[in-house]
Amino acid sequence: YELEADKLHYSKKDYSKELSENSPLVLIIHTYGTQSYCESGYITEESTLKSENENENVISAGKALKNFLEQKGIKAIHHTALFDKISYSGAYNLSTEAVYDYLKKYPSIQFVIDIQRDSLFTPNGSCVKAITNTEKGKTAQISFISGSNENGADFPNWKNNLSLSLELSKRLTKINEGLSRGVCLMPSGYGQYSSEGYITVKIGTAGNTPKEAENASELLSEALSELILS
């Protein structure tokens with residue numbers, strides 16, 4: 001698809017009812033929950049790039065996002081199942097089923113955020129660390145993966161989710177230049193067809209530390225809360 005991103009505008013809804021009732025507005029999941037960060041800030045040949053320890057993998061970034069959102073009065077649900085441990089090839093099928101279950105149980109959910117982390121390597125195998133300096137200190141950069149129906153997914157409203165990713169990317173850039181690495185439009189659906197307001201967020205790479213990822217989660221919470229509460 002060829003798109004003019006500046007012509008895609010996110011249409012904000014009124015969330016006052018959900019907020020006043022303290023109903024869940026945000027669901028946080030991790031299709032690839034074992035994707036890990038490294039405390040040292042660099043990887044070695046022995047690094048597996050995976051961990052089931054929630055203090056080392058992307059679950060830590062999701063936990064931080066939930067906490068920061070709830071400090072701002074936005075109720076969030078954090079699902080911590082390691083879908084990729086159960087079935088790596090079937091991880092998206094499993095995470096999508098979980099999203100459908102949550103939407104049925106909590107119809108108030110308006111945003112689904114799948115937090116993953118990126119894997120960036122140079123041709124010689126060196127890990128690229130996606131990082132920028134913010135008021136929080138060293139902070140992992142954030143990028144967005146937006147799905148479409150190009151590969152045949154039943155996803156007629158994919159531009160709505162794309163516009164949300166673009167809006168959040170813009171807001172992150174306003175918070176701190178260099179915080180967002182932008183939005184990548186992909187031909188597959190990535191499970192995003194299961195809900196409007198579904199975004200896939202890549203926080204940092206394998207070379208980032210959990211703290212750098214948590215700093216990014218805090219700034220992502222600022223961008224999302226501004227969108228919801230304004």
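Modeller: Helices here are DSSP runs of at least four residues, numbered from the N terminus. The model is a predicted one.

Colleague: Where does Leu 3 lie, then?

Modeller: Leu 3 sits in the segment before helix H1, which covers 16-20.

Colleague: Why does Leu 3 count as partly exposed?

Modeller: Because its relative accessibility is 34%, and partly exposed runs between the 20% limit for buried and the 50% limit for exposed.

Colleague: Which residues form the nonpolar patch on the surface?

Modeller: Tyr 1, Leu 3 and Leu 185, with about 270 Å² of accessible area together.

Colleague: Switching to charges. How many salt bridges does the structure hold?

Modeller: Ten. One of them joins the side chains of Lys 129 and Glu 212, at 3.2 Å from N to O. That pair links distant parts of the chain, 83 residues apart: Lys 129 is in the loop between strands E3 (111-118) and E4 (131-134), and Glu 212 is in helix H6 (residues 210-229).

Colleague: Is Glu 212 buried or exposed?

Modeller: Glu 212 is buried, at 6% relative accessible area. Lys 129 is partly exposed, at 31%.

Colleague: And what about Glu 167 and Arg 171, where do they lie?

Modeller: Both are in helix H5 (residues 158-175), four residues apart, or about one turn of the helix. Glu 167 and Arg 171 are both buried.

Colleague: Which residues are linked in a network of salt bridges?

Modeller: Glu 135, Lys 136 and Glu 218. Between Lys 136 and Glu 135, the closest N and O atoms are 3.8 Å apart. Glu 135 is exposed, at 66% relative accessible area, while Lys 136 is partly exposed, at 29%.

Technical notes. Residues are numbered from 1 along each chain as its sequence is written. This is a predicted model: local features need pLDDT of at least 70, side-chain atom pairs count only at pLDDT 80 or more; totals for chains, interfaces and linings use all residues. Side-chain values use heavy atoms; hydrogens and water are left out. Patches are made of residues with over 30% relative accessible area and no salt bridge: like charges are joined within 9 Å, nonpolar side chains (Val, Leu, Ile, Met, Phe, Trp, Tyr) within 5 Å. Accessible areas come from the Shrake-Rupley method with a 1.4 Å probe; for residues, only the protein chains shown count as cover. A salt bridge is a side-chain nitrogen of Lys or Arg within 4 Å of a carboxyl oxygen of Asp or Glu. Helices (H or I, at least four residues) and strands (E, at least two) are DSSP runs, numbered from the N terminus. Buried means under 20% relative accessible area, exposed over 50%, partly exposed in between (1.4 Å probe, protein chains only).
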